[in-house]
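Biologist: Please put the model on screen, and we will go through it by question and answer.

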Amino acid sequence: MKNIPSWRSNLNRDDGFWSDGRWYDLHLERDLPLALPMLEEMVLALPPLPPGSSVCDLACGTGNASYMVAESYPGIHATLVDEDADLLAIAEGKVGRLLQNVEPLLVSVSEEDDAIPGGPYDAVVASLAVHALIGHDVDRPEAETRYELLFRAVRSSLSSGGHLLVGDHVGTLDLYSQLKAMERAGFTDVDCAWRQDDFFVAGGRAPDTGAAGGT
């Protein structure tokens, strides 16, 4: 017998079935109406990505970020990184409809100063991912440390001159403090491209060392 939970959880945004990837995609625009504009702004904020560019979708979930990047830049190589096998399978199927070069990586990414597997990348995108990786029940000093460590991990995963674009909502740490954490992690050209209510798109660039393959 299938174990199907009560439909009434569907009526409350705080409850719901957010851990189910197909339900998540079905309800994303209705329950988080700024999520899709945020994704659009994140793609618009990216620099031009030539064919063959390597893009990582960090904590990709169902792959919405890499799917929208692939719609604009169909020649990229996408690496999908997530710790949930079911979500990763949904993302691979979705992005695979647009790209020939899709690599799913089932790994757990934490706020440690370790490079993300599969790099180096020309760009890392993270949609509604960073605040979840950091955690919700942490105090401000701990959040600042975790954000900086995670951004250091991303920076060490980027090619010379590579970019990080984050689309998220303000959680345990305000946007200004997140931008300062990017700077402390060694990013240059740190800025906010778009913000509406608690949602934002921000980014930074890894230092350009002049090595071949930089963006």
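Predicted model: local features only at pLDDT ≥ 70, side-chain atom pairs only at ≥ 80, totals over all residues.

Modeller: Residues are numbered from 1 along each chain as its sequence is written, and side-chain values use heavy atoms, with hydrogens and water left out.

Biologist: Which aromatic pair geometry do Y147 and F151 form: what is the class?

Modeller: Rings of Phe, Tyr and Trp (its six-membered ring) pair if their centres lie within 6.5 Å; planes under 30 degrees apart count as stacked, over 60 as edge-to-face and the rest as tilted. Y147 and F151 both lie in helix 6, 4 residues apart, or about one turn; helices (H or I, at least four residues) and strands (E, at least two) are DSSP runs, numbered from the N terminus. The count by this rule is 1 aromatic pair. With 5.9 Å from centre to centre and 50° between the planes, the pair of Y147 and F151 is tilted.

Biologist: Is E148 buried or exposed?

Modeller: E148 belongs to helix 6, which spans residues 140–155. Because its relative accessibility is 19%, E148 counts as buried.

Biologist: Which side chain does E148 join in a polar contact?

Modeller: Contact means heavy atoms within 4.5 Å. Leaving aside neighbours within four places in sequence, E148 is in contact with A181, R184 and A185. A polar contact is a pair of N or O atoms within 3.5 Å; within protein, one must be able to donate a hydrogen and the other to accept it, and residues adjacent in sequence count only if both atoms are side-chain atoms. At 2.9 Å, the side chain joined to that of E148 is R184.

Biologist: How many disulfides does the structure hold?

Modeller: A disulfide is a pair of cysteine sulfur atoms within 2.5 Å. For C56, the nearest cysteine sulfur belongs to C60 and is 8.4 Å away, and C56 is in no disulfide. The number of disulfides in the structure is 0.

Terms used: Buried < 20%, exposed > 50% of the residue type's maximum accessible area, 1.4 Å probe, protein only.
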